[in-house]
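I opened the model to look up helix packing, the relation of the copies and sheet order. My notes are below.

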Protein chains: 2
Amino acid sequence: LSHRLPKLFSKAQIVQALERIAPEDVIAAMRRAFAAYSGGAANVSPVVHLGFADPPGDVHVKCGGLAGDDVYVVKIAAGFYRNSEVGLPPGSGMMIVLSARTGFPQAILDDQAYLTDYRTAAAGAMTAQLLAPSSVEAIGIVGTGLQAHLQLDLLRHVTPCRTAYVWGRDPVKARAFRVDGFDVTPVASVGDLAQRCNLIITTTAATHPLLFAHDVMSGRHVTAMGSDMTSKQELDPNLFAKADVRAVDSRTQCFDHGDAGFAVREGIVPEEGFVELGEIVNNPQLGRTDKNQITVADLTGVAVQDVAIAKLVYEALS
Amino acid sequence: LSHRLPKLFSKAQIVQALERIAPEDVIAAMRRAFAAYSGGAANVSPVVHLGFADPPGDVHVKCGGLAGDDVYVVKIAAGFYRNSEVGLPPGSGMMIVLSARTGFPQAILDDQAYLTDYRTAAAGAMTAQLLAPSSVEAIGIVGTGLQAHLQLDLLRHVTPCRTAYVWGRDPVKARAFRVDGFDVTPVASVGDLAQRCNLIITTTAATHPLLFAHDVMSGRHVTAMGSDMTSKQELDPNLFAKADVRAVDSRTQCFDHGDAGFAVREGIVPEEGFVELGEIVNNPQLGRTDKNQITVADLTGVAVQDVAIAKLVYEALS
């Protein structure tokens, strides 16, 4: 009910606050957020895009709240790919926490996209918790960027497996890939990685499929994190046909600009062939029911994830 | 190019900064903003709406920038009509100024909707400058709220006329209406006001017409400021048919949720019968060409106005 100036928090303060929150609590918050989203208990606006030509840049604004929450969140995320020329990271962003009772702003989290990175990894861990075989023998990470590291780091909270294989377009980066507590081995091909691992995460900016239907044997789970616009694609669309469970974070978003959209547009799987992650949270029978099944999940990122993490961090900072 | 924490400015600081800016400069900035908007030199995203049920509230998020500008602006505007129950004003809001070169946030203007109120009044003054008869004999204000006061206050910068008449639903408020330097007389009806004044501004939350075609004689200009959603209506749609020049701030917005939309939907005036204010700025021949003409303008508020005022204030604060 404050009429005062909202509090402004720096990335350093936000990272510190996040360190005081148990990762399991963030993962649980993602479960609740997806359940609310798929259960119609979330209030999420369409994503707004603003494009810039010179220098090239993309800005996305997402707004949303969960039914019954005291706050709602507006997130501004910017990507300017030539920022390195001026010594800045490409991504920036902030989350603004506002009162759902009065509309007044409460806090500004100038996280510079860190909360988006972290909630994306937490959603990956949640997806593994929902769909991966109960006995994970080895984790395969396709990609070597920040998100690839965060995905593996968060998976420690949902599986005792500490054996990982990594593939990257750049073998130097694959060899340098390290995450505390994991035994990580670089592999020469995505096919090789898919042979060795029964939990596979793709997290690249690929624009053509890296993982093919014939690579993926029974008893495996695949999460595709990388495709968040129509130009990006990580999975062979036929993998969706081969899978027993085909999950998406958001039907609307994934059919529009996720990996699942390729399978739908190419007539490989009908829209009815997909289930939302939140629906699986609400009804686990919609997920994996047998260890030999193949499960695939496609995530594009939904505003409820931003709401969930911003709320946790705001509470930790208050 | 800053990677630092953006600067956070309070409403008090923003009001002080605005006092250092000549109102004529704000009005001129509105002219440029509308010219850019109608000339295709503005980058404006669709308005995002988030609705709340309990307590009832509406949040709108607008984003945009002008071609060539160093900054772009995201505005969050909230209206929670029961805030008075907890001692807060209904409206709040902030404008966030971000770099159009890197995407990084530069400043947060926690103006609590003041900049929106001010830019709306500045657009009213600009509209009078564009369309009112060159000799304004008397100004008629329909409405007695904050915006009614601001409209008259800003008009002093575009006309030497200091004679005003005011009509309000609440006669007590109409009698109490004062703006420094103006001789204001309350009148008993909108029709009476339209007889006496050749520059008329409606700025109410009316949901049914207040000003009728038969009230408006030749040589008058009418600006309707109040209608910003489909449920609101201030003007008799037949007034648009009677007018020689029918202006809108934005075709898309006004046909969707402005007063002009009623005239279009009821088949009274075709869409081609309207001109945008920015088109008149770019080509004055599209505006008033004779003192005896009737001109009508419908404003719903466009994001370029937010961009223009946020930029001016940001520069004054820097």
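The entries cover the ground rules, then helices, copies and sheet.

I am working from a predicted model, where local features need pLDDT of at least 70 and side-chain atom pairs count only at pLDDT 80 or more, while totals for chains, interfaces and linings use all residues. Residues are numbered from 1 along each chain as its sequence is written, chains are lettered from A and ligands numbered from 1 in the order in which they are written, and side-chain values use heavy atoms, with hydrogens and water left out.

Helices. I looked up helix 2 (residues 23–38) and helix 3 (residues 114–131) of chain A, which pack at about 75 degrees with their axes 9 Å apart. Helices (H or I, at least four residues) and strands (E, at least two) are DSSP runs, numbered from the N terminus. Axes are lines fitted to C-alpha atoms, for helices over the stretch in contact, and angles run from 0 to 180 degrees between N-to-C directions. Helix 2 of chain A and helix 3 of chain A are therefore roughly perpendicular (65 to 115 degrees).

Copies. I laid chain B on chain A with a turn of 180 degrees and a shift of 0.0 Å along the axis, at an RMSD of 0.0 Å (least squares on C-alpha atoms of residues with pLDDT of at least 70 in both). The two copies are thus related as by a two-fold rotation axis.

Sheet. I read the strand order in chain B as 10-9-8-11-12-15-13-14, an open sheet of eight strands with parallel pairing (two strands pair if DSSP finds at least two bridges between them). The edge strands of chain B are strand 10 (183–186) and strand 14 (275–276). Strand 13 (residues 245–248) and strand 15 (residues 295–298) of chain B pair over four bridges, and V248(B) has D298(B) as its bridge partner.

Note on methods
Angles under 35 degrees count as roughly parallel, over 145 as roughly antiparallel, 65 to 115 as roughly perpendicular and the rest as oblique.
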